[in-house]
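Please open the structure in a viewer and keep the selection panel at hand. The stops below are meant to be taken in order.

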Amino acid sequence: MNKKSSKKLFVISGCSGVGKGTVLKAFLKRNPEFMLSVSCTTRKPREGEVDGINYFFISKEEFKNCIDNKKFLEWAEFAGNYYGTKKKYINQCLEDGKDVILEIETKGALQVKKQMNEAVLIFIAPPSLETLEARLRGRHTEDEETIQKRLNVVKEELVLSKQYDYRVVNDDLNAAVEELELIINGECANA
Ligand code: ADP
Ligand code: 5GP
């Protein structure tokens, strides 16, 4: 990646199962200087997920406390659980001169854009709705009720994604990672 002159905040979203986690993992392997924000959530950990690494797994009560005490830069309810990004964590990363990536859903992303207009919003789109559903099911991490809740918000997310700065279709994984890299590299070079 090119040398960067100032810190940037990138917000990546995409419908559940589109492959944003997979794309980001590959991107971060190639570009380890970026900080991936660790969010708070009230959902239960999936097998293999570690508290403090994948998420800070907290109770609904703790989450509500953080809302009341204005600890979140943004937060949203998604498919029956709450997710939020702590202000303190992001500000610390940016102050330390690190480029930060948030992987969050669309309502939260647009809250971030309202507060930080310089944030760059990138939407990872599926090649088709059939592929999206097949990937979500093929991951085998959610029960049928949860899958339905996640599929129910797809249309709303696709509408909100029109407000994003960039769109990357995750068809071929390597191509998607390279396109994401080009976007982020270009934005950092212009910073
Ligand atoms: P998300 O983080 O968006 O919910 P994941 O990264 O968990 O999605 O990916 C969902 C499933 O799709 C995983 O099983 C993953 O291996 C698979 N997947 C991701 N990207 C691709 C791709 N480009 N082609 C085929 N399968 C993919
Ligand atoms: P999952 O349960 O699959 O890990 O995440 C569900 C959705 O919540 C995904 O769209 C993910 O991007 C989003 N998400 C994760 N962390 C946050 C967060 O801090 N804030 C918001 N608004 N969404 C988040």
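This is a predicted model: local features need pLDDT of at least 70, side-chain atom pairs count only at pLDDT 80 or more; totals for chains, interfaces and linings use all residues.

Residues are numbered from 1 along each chain as its sequence is written, chains are lettered from A and ligands numbered from 1 in the order in which they are written, and side-chain values use heavy atoms, with hydrogens and water left out.

**Stop 1: ligand 2**

Select ligand 2 and the 16 residues around it, of which Arg43, Tyr55, Tyr83, Glu103 and Glu105 come nearest (a residue is near if one of its heavy atoms lies within 4 Å). By class, this shell holds five nonpolar, four polar and seven charged residues (Ala, Val, Leu, Ile, Met, Phe, Trp, Tyr, Cys and Pro count as nonpolar, Asp, Glu, Lys and Arg as charged, and the others, Gly among them, as polar).

Next, display the polar side-chain atoms. One of Arg43 lies 2.6 Å from an oxygen atom of ligand 2, and an N or O atom in the side chain of Arg46 is 2.8 Å from an oxygen atom of ligand 2. On a nitrogen atom of ligand 2, the distance to a polar side-chain atom of Glu74 is 2.7 Å. Taken alone, ligand 2 exposes 510 Å², and the protein buries 96% of that (Shrake-Rupley method, 1.4 Å probe). Colour β5 (72-78) and β6 (81-86), the elements that give two or more residues to the shell around ligand 2 (strands are DSSP E runs of at least two residues, and helices are H or I runs of at least four, numbered from the N terminus).

**Stop 2: ligand 1**

Move to ligand 1, which 13 residues surround; Gly17, Lys20, Thr22, Arg139 and Asn170 are the closest. Three residues of this shell, the largest share, come from helix α1 (residues 20-30). The shell divides into three nonpolar, six polar and four charged residues.

Which polar backbone atom is 3.0 Å from an oxygen atom of ligand 1? One such atom belongs to Gly19, and Gly21 also has a polar backbone atom 3.0 Å from an oxygen atom of ligand 1. A polar side-chain atom of Lys20 lies 2.9 Å from an oxygen atom of this ligand. Taken alone, ligand 1 exposes 570 Å², of which the protein buries 71%.

**Stop 3: strand β7**

Finally, select β7 (residues 100-103), which pairs with β1 (residues 9-14) in the parallel sense over four bridges (two strands pair if DSSP finds at least two bridges between them). Here Ile12 has Glu103 as its bridge partner.

How values were computed:
A polar contact is a pair of N or O atoms within 3.5 Å; within protein, one must be able to donate a hydrogen and the other to accept it, and residues adjacent in sequence count only if both atoms are side-chain atoms.
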